[in-house]
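Morning, everyone. I have one structure to walk through today. Please have a look at it first.

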Amino acid sequence: MKITQISVFLENRKGRLYDLCRLLGDNGINIRALNVAETESFGVLRIVVDKSELAIKTLKDNGFVANLTDVIAVEIADEPGGLANVLKVLSEENVNVEYMYGFVEKSSDKALMVFRFEDSQKGTEVLKKCDIKIATAEEIEGL
Amino acid sequence: MIWNEKFECMSPQELRDVQGQRLKELVSYVRYNCGVYKDRLASIGISASDIKTIDDIAKLPFTTKLDMRDNYPYGLFSADQKDVLEIHVSSGTTGNPTLVGYTRDDIKLWSEVMARTLCCAGAEPGDTIQIAYGYGLFTGGLGFHYGAIEMGLRVIPTSSGQTGRQLKIMQDFQPKIIACTPSYILFMAEEAKQMGIDPAKGNWKIGIFGAEPWTEPMRSEIEQSWNMLATDVYGLSEIIGPGVAQECTHKNGLHIFSDVFYPEIIDPETGLPAEEGCDGELVITTLTKQAIPLIRYRTRDIVSINYDKCACGRTSPRISKIKGRTDDMIIVRGINVFPSQIEHVLLGIEGTQPHYQIVVDRREHGLDYVEVMVEVDDKIFSDEVKKLEQLQQRIKKEIESVLSIGVKVHLVEPKTIERSMGKSKRVIDKRFL
């Protein structure tokens with residue numbers, strides 16, 4: 001039950017993130033979750049939006065380098081130790097997390113987090129085995 | 001002092017006679033000993049008997065860097081490899097490097113022209129010289145070494161790098177002369193100041209700087225910070241290495257040792273002689289070399305030439321500082337860099353586009369550095385920073401192994417590299433030259 005993340009290459013240049021957000025906003029695309037990984041000379045922006053297809057087309061048409069990445073959105077108890085409990089399971093099963101970040105909104109009283117695993121298949125299986133709820137694409141779109 | 005008054009102060013007519021005679025011998029020598037020249041001269045029907053005066057040089061074909069690459073390794077050699085005592089290799093434009101070699105007599109010639117160079121700059125026997133040009137495949141270090149020994153200097157062969165140690169040696173042995181690249185001497189001045197050493201407080205007399213382009217403002221800065229006379233040396237490995245031309249203490253052009261390295265200034269488009277005193281491409285014929293003599297070698301360096309007798313007494317003509325290049329070669333810390341080398345690397349890395357830009361800059365009072373911008377496209381882009389950094393590192397490593405200098409690689413967004421007439425502007429040289 002993967003959801004779609006859009007990854008965008010961003011040069012460390014003034015106003016570049018603004019350009020991108022403005023572009024999405026002008027096209028009626030809403031950002032649900034966002035994360036920026038940065039290095040000395042460039043950054044990679046990762047977003048989950050309500051209209052992925054339109055977003056990727058709009059970005060590419062405007063000269064951005066972007067691609068679609070399958071990620072997993074996990075529901076986590078919004079209480080102390082909630083995230084630790086999930087990571088414990090992953091760690092015990094040797095699932096490596098490439099990166100993760102949180103959603104702005106919630107679908108229930110639980111927090112939503114995006115996970116990108118080194119081995120996406122294995123990560124999904126482990127989560128299922130341990131009865132950790134994975135959000136569906138529909139649920140995300142319905143936020 | 002003048003090392004070889006006979007040749008350096010010869011009357012113009014006598015010099016022309018010597019040059020004409022030597023050219024005749026050269027043509028005869030290469031026609032007999034070098035397959036490439038034999039075929040070339042035979043195809044245009046030229047033999048030694050066609051050379052009456054030095055002006056007959058215009059009948060001969062040019063030799064280019066491409067010829068050196070195409071005939072790598074030994075095609076342009078005239079001497080048997082068993083008589084070659086030393087070889088030097090430098091990077092070529094793409095593919096094959098440039099190989100040069102020296103027989104025992106060539107080493108003697110190199111020692112002679114470098115002794116002339118050092119004397120021309122103002123060195124006196126007994127002076128101490130710190131040679132901070134790289135020793136090794138680069139011809140700078142060894143060329144200076146041979147000449148310094150020949151004329152009787154005390155040599156401190158520090159080679160390049162290890163700046164702290166260079167400064168310690170300067171303080172302990174108080175050399176009068178230093179030879180290195182102009183950007184390195186400025187870098188050393190800064191390092192000295194940071195260590196609380198005043199570089200001007202030494203026994204300095206002369207600096208001999210070359211292997212990269214530099215400017216009059218840099219000269220003033222070097223002279224002030226080191227309290228020395230800063231002179232310019234010119235050379236290229238294809239001709240001999242350093243020792244082709246050198247400024248005298250009047251600093252009014254570089255005396256080219258034209259009895260052995262015959263200069264012509266041509267229009268690079270037509271190949272015809274440039275008008276006297278005007279800028280053109282410097283073409284050099286090595287009149288007396290044995291291992292790999294070159295006829296009318298196109299240096300690609302743009303200079304002008306002045307045949308007037310100099311106030312120092314030398315009659316050898318003077319070339320100007322290098323005013324530019326006829327190709328896109330850039331020189332960084334003494335290393336020749338061709339944009340095509342970088343293109344070659346990028347084409348070899350799967351997924352990268354040959355859209356790149358080279359930015360060369362000089363830190364204030366410091367060394368030149370190179371940054372390579374490479375455009376990222378969908379094929380190589382990844383959501384994982386790790387993978388992009390690995391790619392960046394791989395490009396860096398491969399470029400560095402080809403160029404032999406450190407570079408910084410930046411991944412940039414597509415279409416951000418300025419394109420002129422559809423073709424990217426490959427090189428941005430910001431070194432206020």
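This is a predicted model: local features need pLDDT of at least 70, side-chain atom pairs count only at pLDDT 80 or more; totals for chains, interfaces and linings use all residues.

Start with the two chains. 14 residues of chain A are in contact with 16 residues of chain B. Where on chain A do they come from? Strand S1 (3-11), strand S3 (42-49) and strand S4 (66-77) of chain A each give at least two residues to the side that touches chain B. By class, that side of chain A has six polar, five nonpolar and three charged residues.

Now chain B. Its domain assignment gives domain 1, 70-327, and domain 2, 335-429. Over C-alpha atoms, the centres of these two domains of chain B are 30 Å apart. The contact between them takes 10 residues from domain 1 and 13 residues from domain 2. Which element supplies the largest share of the domain 1 side? That is helix H8 of chain B, residues 182-194, with six residues. The domain 1 side of this contact divides into five polar, four nonpolar and one charged.

Next, helix H10 of chain B, residues 339-348. Pro339(B), Ile342(B) and Val345(B) are buried there. Viewed down the axis of H10(B), the buried residues fall within an arc of 120°, so they line one face of the helix. What do they pack against?

Last, strand S11 of chain B, residues 280-286. Is this strand enclosed or open? Seven of its seven residues are buried, so S11(B) is largely enclosed by the rest of the structure. Look at its pairing. Strand S10 of chain B, residues 261-266, runs antiparallel to S11(B), and six bridges join the two. In that pair, Ile266(B) stands opposite Glu281(B) of S11(B). S11(B) also pairs with strand S12 of chain B, residues 297-303. That pairing is antiparallel too, over four bridges.

To recap on chain B: H10(B) has its buried residues along one face, and S11(B) is buried at seven of seven residues. That's it from me.

Definitions and conventions:
Residues are numbered from 1 along each chain as its sequence is written. Chains are lettered from A and ligands numbered from 1 in the order in which they are written. A residue is buried if 20 or more other C-beta atoms lie within 10 Å of its own, exposed if 12 or fewer, and partly exposed in between; C-beta atoms are placed from the backbone. Two strands pair if DSSP finds at least two bridges between them. Domain bounds come from an automatic or database domain assignment. Two residues are in contact if their C-beta atoms, placed from the backbone, lie within 7 Å. Ala, Val, Leu, Ile, Met, Phe, Trp, Tyr, Cys and Pro count as nonpolar, Asp, Glu, Lys and Arg as charged, and the others, Gly among them, as polar. The arc is that of the directions from the helix axis to the C-beta atoms.
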